[in-house]
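Student: Could you walk me through this model, with the cut-offs spelled out as we go?

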Amino acid sequence: MTDALDASLRLVRAQTALVKRFDAALGGLHGVSLADFTMLLRLGQAPGDRMRRVDLAEALGLTASGVTRGLAPLERIGLVTREANARDARVAYAALTDTGRERLAEMLATAERVAADVFAPPAWGTEDVASLSAALTRLGGTGLDGRGTTPSA
């Protein structure tokens with residue numbers, strides 16, 4: 001097996017393990033998955049806590065129908081609402097509700113704890129995390145800001 005294939009398979013397995021860990025914590029405490037959290041987080045970072053659904057799909061690397069399927073349960077539990085564009089009925093926005101903003105803050109604290117646990121010393125040093133982040137950016141990964149950069153410490 002080539003080193004590149006081995007590294008790729010390790011990355012896929014690590015991603016699966018991370019998703020399970022975040023899903024367990026977010027699901028157990030807040031009733032949402034990591035996918036739900038990332039959708040809410042992206043909305044929370046948008047101006048006015050809202051985005052056109054097509055822009056949300058692009059930001060998350062999903063299809064428009066994937067975003068619609070992902071938003072439906074979040075709408076049902078009152079975290080997100082659908083807003084129409086007054087000027088163009090074809091355009092729909094997804095927006096955080098007041099409850100969605102409050103719950104997102106709680107979810108963010110949980111996600112921070114999980115991430116801190118995953119990258120806890122002594123197994124991981126600050127430079128290790130920064131190097132991993134840089135390598136993942138080279139592979140097309142995006143950070144908290146939705147771009148290929150990491151927030152400064």
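Tutor: What follows goes from the overall fold to the core and then to the rings. This is a predicted model, in which local features need pLDDT of at least 70 and side-chain atom pairs count only at pLDDT 80 or more, while totals for chains, interfaces and linings use all residues. Residues are numbered from 1 along each chain as its sequence is written, and side-chain values use heavy atoms, leaving out hydrogens and water.

Student: What pattern does the protein follow along the sequence?

Tutor: The pattern reads α-α-β-α-α-β-β-α-α, from 6 helices and 3 strands, taken as DSSP runs (helices H or I, at least four residues; strands E, at least two) numbered from the N terminus.

Student: How many residues has the largest nonpolar core?

Tutor: That core has 26 residues, and Phe 37, Leu 40 and Leu 43 are among those with the most contacts inside it; the term means buried Ala, Val, Leu, Ile, Met, Phe, Trp, Tyr and Cys residues joined through side-chain atoms within 4.5 Å, where buried is under 20% relative accessible area, exposed over 50% and partly exposed in between (1.4 Å probe, protein chains only).

Student: And which element gives the largest share of this core?

Tutor: The largest share, 6 residues, comes from α2, which spans 34-45.

Student: Switching topic, which residues form an aromatic pair?

Tutor: Phe 119 and Trp 124 do, edge-to-face, at 4.8 Å centre to centre and 85 degrees between the planes; the rule asks for ring centres within 6.5 Å, using the six-membered ring of Trp, with planes under 30 degrees apart stacked, over 60 edge-to-face and the rest tilted.

Student: Are those two buried or partly exposed?

Tutor: Phe 119 is partly exposed at 26% relative accessible area, and Trp 124 is also partly exposed, at 30%.
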